Structures are given as structure tokens and as C-alpha cells.
Amino acid sequence: MTTNQFGKNGWTPDRIENLNGKTFVITGTTSGTGFEAAKILLSKGAKLVMLNRNPQKSADTIATLKQELGNAIEVTSIKMDLSEQASVKKAAQEVLKTVSQIDALICNAAIAQVPKQTLTVDGWESQMGTNYFGNFTLQALLFPLIEKSKGRIVTVGSMGYDMGIKTIKFDDLNWNKEYTPNNAYSQSKLAQIMTIYELQDRLAAAGKTEVKAYACHPGSSRTNLINSSGSFMMKFIFNLMKLSPLTQSAEKGAYPQLMCATEPNLDQNSFYGPTGRNFWTGPVGAHKLEPHAKDKAVAYRLWELSEKETGVKWNI
């Protein structure tokens with residue numbers, strides 16, 4: 001293991017300076033790591049736009065945050081369902097109308113371990129459609145404002161990228177054959193991470209180095225992710241795990257995305273998350289990324305395919 005650049009306790013939010021005048025857009029804030037990240041950003045004075053699919057839960061979240069942090073916090077919410085391209089496009093337009101800058105877009109929302117093959121309205125396997133294509137479109141549409149703001153794009157991946165088949169199944173992206181919840185989830189998370197490093201290369205080639213793109217993961221955190229979409233057995237196993245030292249709090253799970261959104265001079269080439277055993281828990285910092293996540297030929301092909309599939313072109 002390399003030494004953690006942030007010392008033996010790793011990165012913690014007390015490194016975040018005053019965020020007055022800064023604007024963050026974050027997805028999936030009604031519970032778990034997204035909620036904790038939102039709370040910490042607001043407590044540091046940031047302005048926040050939350051993108052969630054359930055307006056009632058968003059309203060409840062804002063009420064909870066105001067109760068905890070006071071009524072002066074600047075937080076708004078826009079409805080967005082990541083699994084529907086039309087909803088993502090509409091939400092992106094609204095964000096562009098609502099804010100004049102984006103210091104960081106934090107793509108935190110995801111679904112996981114969907115028991116049976118399910119397709120989105122756009123015709124993609126649900127985990128790929130939500131976790132990957134949804135984020136691809138959102139990032140592309142908000143990119144011009146992020147660029148103008150010299151901001152950041154933060155993708156919250158998962159150690160799942162290193163499970164499953166460890167590549168993109170171009171010949172059967174929807175898993176019409178041999179669907180398993182884990183393989184499909186792993187592919188969606190690998191795709192998310194790959195695209196961040198591909199984006200870095202494209203930005204560098206275009207000389208647009210003021211926009212930064214980061215990939216991180218929350219480790220094994222006690223969140224509702226599996227409870228939202230997993231099978232009964234997965235829920236049972238994960239809820240048992242929550243009682244063990246193999247997991248950490250949702251607040252700690254939020255540290256990697258907060259670091260990637262706020263820490264100055266952070267190396268984009270690294271992959272960030274807990275650095276303890278199996279990278280599930282422990283001090284937050286940079287850690288090893290397996291080479292298949294930076295397979296240039298696969299990443300390039302995936303990007304070209306994604307622009308074609310979504311009909312959304314990045315204006316780099």
C-alpha cells in the first residue's frame with residue numbers, strides 16, 4: 001500500500017474550507033451517502049441543487065436539512081429519474097436555467113442488484129440505463145456550464161467494477177443471455193468509471209484541463225442501495241453485513257465524493273475510496289485501480305457507442 005497523502009486518518013471533511021459562493025449539483029440525496037454529502041456541503045455554506053426522482057422525498061429531505069442546519073441554507077430540488085433519458089434531459093435544462101455556475105456535479109445516485117433483467121423505457125438493461133447512460137447524458141448536457149465554471153465532474157463508482165466480467169459486453173449489452181444481477185451491476189459501474197478516464201483523455205487532447213473529472217467509490221457503507229432494488233436474498237445478506245465491522249457509516253461513505261468535489265490539486269488519474277481491507281472501510285485516499293478499468297480501446301468504443309445510443313454528443 002502507498003502512504004495516504006492525507007495522513008494515517010485519511011481525508012476527512014474538516015479539510016473543506018468555506019464554500020460560500022459555490023454551487024454543487026448532486027444526484028440521489030434522499031438517503032445514504034448522497035444525503036450525508038448534501039448535509040456536509042450545506043454546512044460549509046455551499047449552494048445545492050438536488051436531483052431526485054421522488055419530489056415528496058426531496059421535500060422531506062430539505063425539511064430535515066433545514067431542521068438540522070437552519071432555514072438559511074440554500075438548497076433546491078429538481079425532479080429527475082436517471083433511468084429515463086427524457087427526464088434527465090428535462091432536469092438538465094432546468095439546472096441550466098436555475099444556476100449560473102456548477103463547481104461540481106456529483107453523480108451519486110444508482111440502482112444495484114436488480115433481481116431479473118428489466119429494461120428502461122429507452123430499451124437498455126436497467127442498471128446500465130440508469131447508472132451509466134443516465135449519467136453519461138447528464139454529464140454531457142451540464143458540461144458547458146461546468147466548463148464555464150472551471151468545475152468538476154465526480155462519478156461515484158463501486159468496487160463492483162472489479163467483479164463480474166471486467167469488460168463491456170458489447171455483443172449483448174442488455175444481458176439477453178445469461179443475465180445475473182451482479183454481472184449487470186458490475187458492468188454498469190465499470191462503464192461509469194471507464195468513461196471518467198476517457199473523459200480526462202478527451203479533455204487533455206482538447207486542451208481543456210481546467211475541467212477536472214474524478215472517479216471514486218463509497219466502500220461498503222450502510223445505505224439503502226440494495227434495499228431499494230436488490231432481491232430478497234441480497235437484502236438479507238447485506239442487512240446482516242450492516243451489523244458487522246465490514247461496513248461503515250453512510251457519512252464515511254460520503255467522504256470520497258466530497259473529497260473529489262472539493263479538495264484542491266487532487267490527482268485525476270487516481271481512484272479514490274476507503275483504503276482499508278478490500279477497500280470496504282478505512283481511511284479515505286487514493287488506491288489501486290485494476291488495469292481493465294483503464295482499457296483505452298474498450299473505453300473509446302464505449303464512448304462512441306454511448307453518444308450513438310443516447311443521441312447526446314459532448315461538446316468538448
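Helix α5 puts A191, M194, T195, E198, L199, D201 and R202 up against K296, V298, A299, Y300, L302, W303 and E304 of α9, where contact means heavy atoms within 4.5 Å. This is a predicted model, so local features need pLDDT of at least 70 and side-chain atom pairs count only at pLDDT 80 or more, while totals for chains, interfaces and linings use all residues. Residues are numbered from 1 along each chain as its sequence is written, and side-chain values use heavy atoms, with hydrogens and water left out.

- The contact of α5 with α9 splits into eight nonpolar, one polar and five charged residues; Ala, Val, Leu, Ile, Met, Phe, Trp, Tyr, Cys and Pro count as nonpolar, Asp, Glu, Lys and Arg as charged, and the others, Gly among them, as polar.
- The axes of α5 (residues 181–205) and α9 come within 9 Å and cross at roughly 90 degrees.
- Axes here are lines fitted to C-alpha atoms, for helices over the stretch in contact, with angles from 0 to 180 degrees between N-to-C directions.
- Helices (H or I, at least four residues) are DSSP runs, numbered from the N terminus.
- For α4 and α9, the axes come within 10 Å and cross at roughly 85 degrees, which makes α4 roughly perpendicular to α9 (65 to 115 degrees).
- On the α4 side, M128, Y132, F133, F136 and T137 meet L302, W303, S306, E307, E309 and T310 of α9; that contact divides into six nonpolar, three polar and two charged residues.

**Aromatic pairs**

- There are nine aromatic pairs in the structure; rings of Phe, Tyr and Trp (its six-membered ring) pair if their centres lie within 6.5 Å, with planes under 30 degrees apart counted as stacked, over 60 as edge-to-face and the rest as tilted.
- F136 and W303 pair edge-to-face, 5.3 Å centre to centre with 80 degrees between the planes.
- Since F136 is in α4 (residues 126–148) and W303 in α9 (residues 296–310), that pair ties together parts 167 residues apart in sequence.
- F136 is buried at 1% relative accessibility, and W303 is buried at 1% too (buried means under 20% relative accessible area, 1.4 Å probe, protein chains only).
- The rings of F143 and W314 sit 5.5 Å apart at their centres with planes at 50 degrees, so this pair is tilted.
- F143 is in α4 and W314 in the segment after α9, 171 residues apart, and both are buried.
- Ring pairs join W124, Y132, F133, F136, F143, W303 and W314 into a cluster.

**Charges over rings**

- K294 lies over the face of Y197, 4.5 Å from the ring centre; the cut-off is NZ of Lys or CZ of Arg within 6 Å of the ring centre and within 35 degrees of the ring normal.
- R301 has its charged end over the ring of F170, 4.0 Å from the centre.

How values were computed. Helices (H or I, at least four residues) and strands (E, at least two) are DSSP runs, numbered from the N terminus. Buried means under 20% relative accessible area, exposed over 50%, partly exposed in between (1.4 Å probe, protein chains only). Angles under 35 degrees count as roughly parallel, over 145 as roughly antiparallel, 65 to 115 as roughly perpendicular and the rest as oblique.
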